[in-house]
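Open the model in your viewer and keep the selection tool at hand. The tour goes from the whole chain to the sheet, and then to the helices.

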Amino acid sequence: MRVGIGFDVHRLTPGRRLVLGGVEIPFELGLDGHSDADVLVHAVMDALLGAAGEPDIGQKFPDDDPRYAGADSCALLAEVAGMLTRSGLRVVNVDVVVACERPKLAPHVPAMRERLGRILALDAARVSVKATTTEGLGCTGRGEGIAAWAAALVSNQPENGE
């Protein structure tokens, strides 16, 4: 078994759509970034890459590479999942915390869990997504951005070997 952690934060800005966990969320602001800026998926990717002993997403999918301009982060997550599978690793579970003041994320959490589970070939019960606020503190508390932390457990054993 190997554990990895990931973190990402992006600034909220007008004129962009808000995508978290592969789910588009109605909101007047979106996350600024080279790709779709899905901080939740980016944190999960870094956690998986860390568990696999691989370089981070900035090295795998550099933001100065035009191929990734506007990229769907879920497509990149599928690439990471495929890389793990080819390396003989299996994702056991992922756990994510997203910090933002607005919008309220709780109504969207089940869809995020399902989407991530499909991409990672996991039952949604093995995908945890929790939303929290920072009680008005820091960039997320002031509504300037959204941050996400993720942990991932991977194994080189088949499912029945757990």
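Two strands are taken as paired if DSSP finds at least two bridges between them. The model is predicted.

**Whole chain.** Select residues 1-154. The UniProt annotation "domain: 2-C-methyl-D-erythritol 2,4-cyclodiphosphate synthase", from an unreviewed entry, covers this range. Over residues 1-154 the chain is 31% helix and 30% strand.

Next, colour the five strands that form an open sheet, in the order β4-β1-β7-β5-β6. The pairing in this sheet is mixed. Which strands stand at the edges? They are β4 and β6 (127-132), each with a single partner strand, so one side of each has no neighbour in the sheet.

**β5 and β7.** Select strand β5 (residues 90-99) together with β7. Nine bridges pair β5 with β7 in the antiparallel sense. For a landmark, pick valine 94, whose bridge partner in β7 is alanine 152.

**β1 and β7.** Move to strand β1 (residues 2-13) and strand β7 (residues 145-155). These two run antiparallel and are joined by 10 bridges. Zoom in on glycine 6, which stands opposite alanine 150 in β7.

**β1 and β4.** Two bridges join β1 to β4, and the strands run antiparallel. Here leucine 12 has leucine 31 in β4 as its bridge partner.

**α1 and α3.** The axes of α1 and α3 come within 10 Å and cross at roughly 15°. Angles under 35 degrees count as roughly parallel, and α1 is therefore roughly parallel to α3. The crossing of α1 and α3 is left-handed.

Now display the side chains that make the contact:

- from α1: Val41, His42, Val44, Met45, Leu48, Leu49 and Ala52;
- from α3: Ser73, Cys74, Leu76, Leu77, Val80, Met83 and Leu84.

Colour these residues by type. How many of the residues in the contact of α1 with α3 are nonpolar, polar and charged? The contact has 12 nonpolar residues, two polar and no charged.

Conventions. Residues are numbered from 1 along each chain as its sequence is written. This is a predicted model: local features need pLDDT of at least 70, side-chain atom pairs count only at pLDDT 80 or more; totals for chains, interfaces and linings use all residues. Side-chain values use heavy atoms; hydrogens and water are left out. Axes are lines fitted to C-alpha atoms, for helices over the stretch in contact, and angles run from 0 to 180 degrees between N-to-C directions. Helices (H or I, at least four residues) and strands (E, at least two) are DSSP runs, numbered from the N terminus. Angles under 35 degrees count as roughly parallel, over 145 as roughly antiparallel, 65 to 115 as roughly perpendicular and the rest as oblique. A crossing is left-handed if the near helix is turned anticlockwise from the far one by less than a right angle, and right-handed if clockwise. Contact means heavy atoms within 4.5 Å. Ala, Val, Leu, Ile, Met, Phe, Trp, Tyr, Cys and Pro count as nonpolar, Asp, Glu, Lys and Arg as charged, and the others, Gly among them, as polar. UniProt positions are given in the numbering used here, feature names are shortened, and annotations may be inferred rather than shown by experiment.
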